[in-house]
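Visitor: Could you walk me through this one while I have it open?
Guide: Gladly; ask whatever comes up.
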Amino acid sequence: EENDQEHSLQVAMIAHALCVIRKTRYGLAVDEGMAIKLAVYHEASEVITGDLPTPIKYFNPGIKEAFKGIEAIASRKLFQYIPEDLRESYRPLLFPNEESVEWKIVKAADKISAYLKCLEETALGNREFLSAQRDLEGDIEALNLPEARDFMGEFSPSFALPLDALD
């Protein structure tokens with residue numbers, strides 16, 4: 001099992017790596033700090049809604065749209081809990097610009113995190129994750145982010161290795 005804090009930390013670490021790859025290898029601009037903060041807060045609404053498994057969230061367009069609405073309501077509620085003088089610092093984290101490169105990197109990092117979970121499970125013999133693993137691999141490739149492609153090729157294979165194989 002994994003809680004939201006553990007998941008968000010992994011997503012933040014992956015997002016950071018994607019930013020470093022983007023800047024270093026491709027010379028493309030990205031605000032690393034913002035990407036990391038967005039990753040830390042990317043599931044903040046689940047404090048109110050709880051975690052709903054992805055296959056249920058995306059079962060059909062109606063459920064997907066309804067859950068997006070629930071998440072938006074939860075984000076607005078969280079925002080109201082923040083002291084008024086601090087709210088503007090949290091606004092971009094609870095209501096991210098979904099067109100920004102930083103948000104796209106966080107979404108890629110979130111999918112990569114789910115993919116890595118699938119790798120770990122299948123390496124332990126849990127074949128129930130094979131279909132999700134294949135789907136996520138396709139989803140990540142479809143994002144068309146060279147930094148995500150690099151991460152997948154260079155870092156993800158090690159998540160399927162036993163500890164004694166890491167040298």
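Visitor: Which element gives the largest share of the lining of the second largest pocket?
Guide: That share, three residues, comes from α1, in a predicted model where local features need pLDDT of at least 70, side-chain atom pairs count only at pLDDT 80 or more, and totals for chains, interfaces and linings use all residues. Residues are numbered from 1 along each chain as its sequence is written, and side-chain values use heavy atoms, with hydrogens and water left out.

Visitor: What counts as a pocket and its lining here?
Guide: On a 1 Å grid over the protein atoms alone, a pocket is an open set of points where a 1.4 Å probe fits, with protein on both sides within 12 Å along at least five of seven lines, and lining residues have an atom within 4 Å of a point.

Visitor: And which residues line this one?
Guide: Among them are D4, Q5, S8, Y41, E43 and Y90, and the lining divides into eight nonpolar, two polar and two charged residues, with Tyr and Ala among those counted as nonpolar, Asp, Glu, Lys and Arg as charged, and Gly among the polar.

Visitor: Switching topic, how many helices and strands are in the chain?
Guide: The chain has nine helices and zero strands, taken as DSSP runs (helices H or I, at least four residues; strands E, at least two). The radius of gyration, over C-alpha atoms, is 17 Å, close to the 15 Å that the globule rule (2.2 Å times the number of residues to the power 0.38) gives for 167 residues, so the chain is as compact as a globular protein of that length.

Visitor: What share is buried?
Guide: Buried residues, those under 20% relative accessible area with a 1.4 Å probe and protein chains only, make up 34% of the 167.

How values were computed
Buried means under 20% relative accessible area, exposed over 50%, partly exposed in between (1.4 Å probe, protein chains only).
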